[in-house]
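Have a look at the picture first, then read on.

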Amino acid sequence: MIWVDTVIQGVLLGGLYTLFATGLSLVFGIMRLVNLAHGDFIIFGAYVILVLVTWMGLDPFLAVLIAMPFMFALGYVLQIVMLNKVIGDEILPPLLVTFGLSIVVQNVLLEGFTADTQRIHAQELQIASVDLGVATVGVLPLLTFGSAILVIVILQQIFYRTSLGRAFRATSDDPVTASLMGIKTDNIFAIATGIAMVVVTISALYLGMRASFDPAIGPARLIYAFEAVIIGGLGSFWGTLVGGVIIGVAQVLGAAVNPEWQILSGHVAFIIVLLVRPRGLFPKAGL
Amino acid sequence: MIIKPKTKSLITRRKLLKGAAATAVVAGASGLYTPAIAAGRKIRIGYVSPQTGPLAGFAEADAYITERAVAKMNEIGLDVELFIKDSQSNPNRAATVAQELIIDDEIDLMLVASTPENTNPVSTVCENEGVPIISTAAPWQPWFIGQQGNPGDPASWKPFDYAYHFFWGLENIIEVFSNMWGQLDTNKSVGGLFPNDADGNAWGDPVNGLKPGLAANGFSLTDPGRFQNLTDDFTAQINAFKAANNEIVTGVIIPPDIATFWNQCKQQGFSPKAVTVAKAILFPQSIEALGDQGYNLSSEIWWSPMHPFTSSLTGESAKDLAGGFSEATSRPWTQPIGFTHGLFEVAADVLKRAGDPTNPEDVADTIGATRLDTVVGRVAWDGAGMPPFAAKNVCKTSLVGGQWRLKGDGKYELVIIDNKSAPMIPTGGTMEALNYA
């Protein structure tokens, strides 16, 4: 019984990791940009939601709707004025810029909000649980997992059913040819970062309700997100979900044997997948 | 008085280079034949504090405390200069800035506080470089044993020549926690949360940690094992505690982790009668982050405005000190305030008594001879209550237990509910079991 419970909790944890990873996957899939500031953007998003919740007294779920367009705009502008300038054949400049951004975001948050631990309060929802018979699970982790699936379904629709998605895919395959066909790659990149920031905002909501946060904890979440992206295969959203769930289940199962193995077993699962399928479980053709 | 601007982040390379160049110029100008310690100059004090990063809460009051303390020290005729460096909550960085303070700024005395992550690297550097150091705000076991070459072999432990520490130890925690839980009707079965860091490893150690002491007091401890800080899931621990029928939870965890753990306990239907954790709910901000879920969580108290002590430096009572900070910064009082102030009290006392404040051996001996009543109580390296191996370098301060209660205005206050080991500190109530109505 305890093993069933453990696996279910692991799958739900995987939902959170999937949300962390999806934004990263999107940005990397389209413009080969490894965003080292991704974790810090999640924390930044959490503070945006926190401000809306505490100062304006909004419900967290309403606050996230307001935060989304703001974060989209921020991502768009960031890409146009900064990241587009460093994207090119060389892989190092964008890496360094996002590394710098990570430090800047942390310290801006520290100046603005001090080092206090904060929490997005969702009253009853925070501690509500449902009895599934085999396990008692929290409503919040269930919502997190549901949102992760919803985010992926929506992204899939955008990617494969709209002209914007076609432009995304074309740019991802070959930016030079895509721009010959009249696609403004700068603009496409900026929209992609904007959408990634919307996903970041959703992850921020669930992270902020699950755990308390302070300006410095962003980078700790980055590594799981990376692993989920790589396990799933670059460019595959459903793969990212599978990757997130694998990491989540591996961690929780490892911890059930001994908490010392919690983080390690996630990494081991990651290495095993890489050994067996070096390009991830569901690699996009041509990548 | 010169207080160096705190280094804010890693990216001030230019500033760093400039600073290095300036230091080089000064060193060059001073000439080759000048002795390293010039007579008649200001006494230089170094202070390493985690102003940024996860431990920043410990250093919150540093600017307020240090400015006033240095002004007061100069007022009473000690000609001192303070050099503050930010460790960025990173032990490696702490060691690096300690080196800089010793080599570039040629300090005569080092002060350090705020958890073993900060005190240990700085103390080790000072001990190796022969610079006297006074350390506080870290339980003495992680501080003393953690700096030994082989922490696992007590026979190899050596006392330090230059490093001195005042704070309480795990035996005080065991006593205070046992007394608190003794006020409740429980099955005396305790679950422990010990992460994989300096504190967690010391507290969770099966021989030198909490386990034997709690067992002696009739409490059994379930320890599922070390986990990584900032973990997103505590299912394994919760299941282990449920299986062992633990009615009490204890541990030494960081603030974000208590929120995750406590949330998951409620979600997964685990309802202990007492949750008494160190470190995580030290600060009012951390408990407020829990919302009304923080009610009656309990913790150790090292210092509070209710403590009946007075500063030897400024003459303020504990209450005045905390009140002054709150007034100046409109922030609530926190426990490190008392100890940071106490640290500077001891420093002032030592420099007053030292024959030659720039002679490291002289200063170190003077620290060891300290017998001072401070705002955190008596600080005296006389070996009282200490095992022989650490008697020279460690002196203990008092510890009591407290519970967080909501006041009418939705703010939390820390109520002292156990003072058996330090009866001079008044209690404000008794221990209450957690309520799941």
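In what order do the 6 strands of the open sheet in chain B run? Keep that in mind for the first point; also note that this is a predicted model.

1. The open sheet of chain B goes β2-β1-β3-β4-β5-β13, and its strands pair in parallel. β2 (80-86) and β13 (394-395) of chain B sit at the edges with a single partner strand each, so one side of each has no neighbour in the sheet.

2. Now look inside that sheet. β1 (residues 43-49) of chain B and β3 (residues 109-112) of chain B run parallel and are joined by 4 bridges. Ile45(B), for instance, has Leu109(B) in β3(B) as its bridge partner.

3. There's a helix to spot here too: α2 (residues 62-75) of chain B lies across β1 and β2 of chain B, and runs at about 165 degrees to β2(B).

4. Met82(A), Leu83(A) and Val86(A) of α3(A) make the contact with Pro93(A), Pro94(A) and Val97(A) of α4(A). By class, the residues of this contact are 6 nonpolar, no polar and no charged.

5. Finally, the two chains meet: 39 residues of chain B are in contact with 40 residues of chain A. On the chain B side, α9 (235-243), α10 (255-267) and α11 (284-288) each supply at least two residues. The largest share, 8 residues, comes from α10(B). By class, that side of chain B has 13 nonpolar, 21 polar and 5 charged residues.

Definitions and conventions. Residues numbered from 1 in each chain as written. Chains lettered and ligands numbered in written order. Predicted model: local features only at pLDDT ≥ 70, side-chain atom pairs only at ≥ 80, totals over all residues. Contact = placed C-beta atoms within 7 Å. Nonpolar A, V, L, I, M, F, W, Y, C, P; charged D, E, K, R; others polar. Pairing = 2+ DSSP bridges. Axes fitted to C-alpha atoms, helices over the stretch in contact; angles between N-to-C directions.
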